[in-house]
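Please read the following note alongside the sequence and the structure.

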Amino acid sequence: MEDTQPEGGENNRDVEVAPALISVHPTQDSVAVAVGSDLRVFDLRGNCGVTLVDETGEAFHKDSIRAIRYGANGKLFVSAGDDKLVKVWSTDSWRCIASVCSEKRVSAVAISNDGLHVCFADKFGVVWVVDLHGLDGNETLVNKKAAPLLAHYCSIITSLEFSPDGWFIVTADRDFKIRVTVFPKKPLDGAHEIQSFCLGHTEFVSCLAFLVTVDSPRGFLVSGSGDSTVRLWDINSGTLLDTCEVGSKAVMLLQWPFKGMSPNILLAFEHFSVLLLVHYLTSYLFCSSFQGILLVSCDFSSQTLGAVKVVSNMGDSFIPTSLGCSSSAELLWTITGVSKLHGSDHNSLACVRVLSGFKKTSPDAAGPELTVLDNNEVPGAEKLLEKLQGSVTVEEEVFLAAAEAVKTSMCNLLIKKQYTTEKREFRKRGRNDKKTKQ
């Protein structure tokens, strides 16, 4: 007898919808986009699309990609997602040089600063480490095994970052916690020394980033959360240094009466002062909406955060699902899009937009004047858009429905639910994250 879903069950199609992702090479040599299971890369130096080489003989990924990332030196690239595969790519040849099978679906990835270890987190709250010693970017595919590094136990890990000096690995989860752990000299034996916990958020922590100065090479940690705040931390002690109320600051800058929003992705970079780019989707917890990017500054002398301006001229239907920039941060790359959009003729949607103007002319300037580049002004122009979007032109009306689908999907993922005993047993019988055979 077939199981029938109890009344009030979730819509699995909502859960499957995945946001489009974008990542930029540290020196802007290339740009990568993930839409569903499709990984697309454009070589900005050669002004051409990249052909990926994967010797597994199967599709590069068989389900939605949930995390993509370049290493600090740009030599490695990692992709991972719902197919429980973690793939390590050499950016010189764009060949898959290592493939790892995860026990659960993957939610976040990080590459150690020396490029010798890849860490990934699964939806059960475990962080795994893969040793890359001895791998050559031109060698044939190696099937690697991961070892457990640390765990948050039954709480989805939403963000994973190495400290700039490589001394710590920082993890955040949907149960409001941020954990700072000493990255061990022998990672395959596990990480057992906890430096601190950064506690204070009242909703899921959705993102982490580091701000670095000459005087503080270890950096300051910044976090974003579903409680509509961005917070500045001292990771050595776990001390909260400052809090920026994202919603209220954006209201002041825009004079727009809405309640708040959920910071979703953070990027940090430095010119005359350090500016923090806070990207957020419409709040999962409030009914008001906002499309745009909030620019936040950090004053290191006083260790405070302050909102600079809101970039809201990207179009009514353009709600960024991911951001990326190079180390120089001359351009901000943004993308909106989804895959597996139920009820649509489009299996996947992606639209890339690029902003310029981040270099300030003087330290006293109120903030950079940001400009959305026309398609012909974007590096790579139409060839890049054709590769990363799938087409040069995109119907904007479709993205409004796509944005709603992403919000619903991420809400299902990040906001914990309370289940009846009957529904819990039903979910156990129908779960699709059981361990796979190695």
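1. Arg45 and Asp29 join their side chains in a salt bridge, at 3.9 Å from N to O; the term denotes a side-chain nitrogen of Lys or Arg within 4 Å of a carboxyl oxygen of Asp or Glu. The pair links distant parts of the chain, 16 residues apart: Arg45 is in the loop between β4 (38–43) and β5 (48–49), and Asp29 is in the loop between β2 (21–24) and β3 (30–35). Strands, like helices, are DSSP runs numbered from the N terminus (helices: H or I, at least four residues; strands: E, at least two).

2. The model is a predicted one, in which local features need pLDDT of at least 70 and side-chain atom pairs count only at pLDDT 80 or more, whereas totals for chains, interfaces and linings use all residues. Residues are numbered from 1 along each chain as its sequence is written, and side-chain values use heavy atoms, with hydrogens and water left out.

3. Arg45 counts as exposed because its relative accessibility is 62%, while Asp29 is buried, at 18%. Buried means under 20% relative accessible area, exposed means over 50%, and partly exposed lies in between (1.4 Å probe, protein chains only).

4. A salt bridge also connects Arg105 with Asp82, with the closest N and O atoms 3.8 Å apart. Arg105 lies in the loop between β9 (95–101) and β10 (106–111) and Asp82 in the loop between β7 (76–81) and β8 (85–90), so the pair ties together parts 23 residues apart in sequence. Both Arg105 and Asp82 are buried.

5. Lys123 forms a salt bridge with Asp82 as well, the closest N and O atoms being 3.8 Å apart. Because Lys123 lies in the loop between β11 (117–122) and β12 (126–131) and Asp82 in the loop between β7 and β8, this pair ties together parts 41 residues apart in sequence. Lys123 is partly exposed, with a relative accessible area of 24%, whereas Asp82 is buried, at 6%. Through shared partners, salt bridges join Arg66, Asp82, Arg105 and Lys123 into one network.

6. The structure as a whole holds 11 salt bridges. The protein chain has 5 helices and 30 strands, and 55% of its 438 residues count as buried.

7. The average pLDDT of the protein chain is 78, and 70% of the residues score at least 70; pLDDT is the predictor's confidence in each residue, from 0 to 100. Confidence is lowest in strand β24 (residues 274–282), at a mean of 42, and highest in strand β17 (residues 178–182), at 97.
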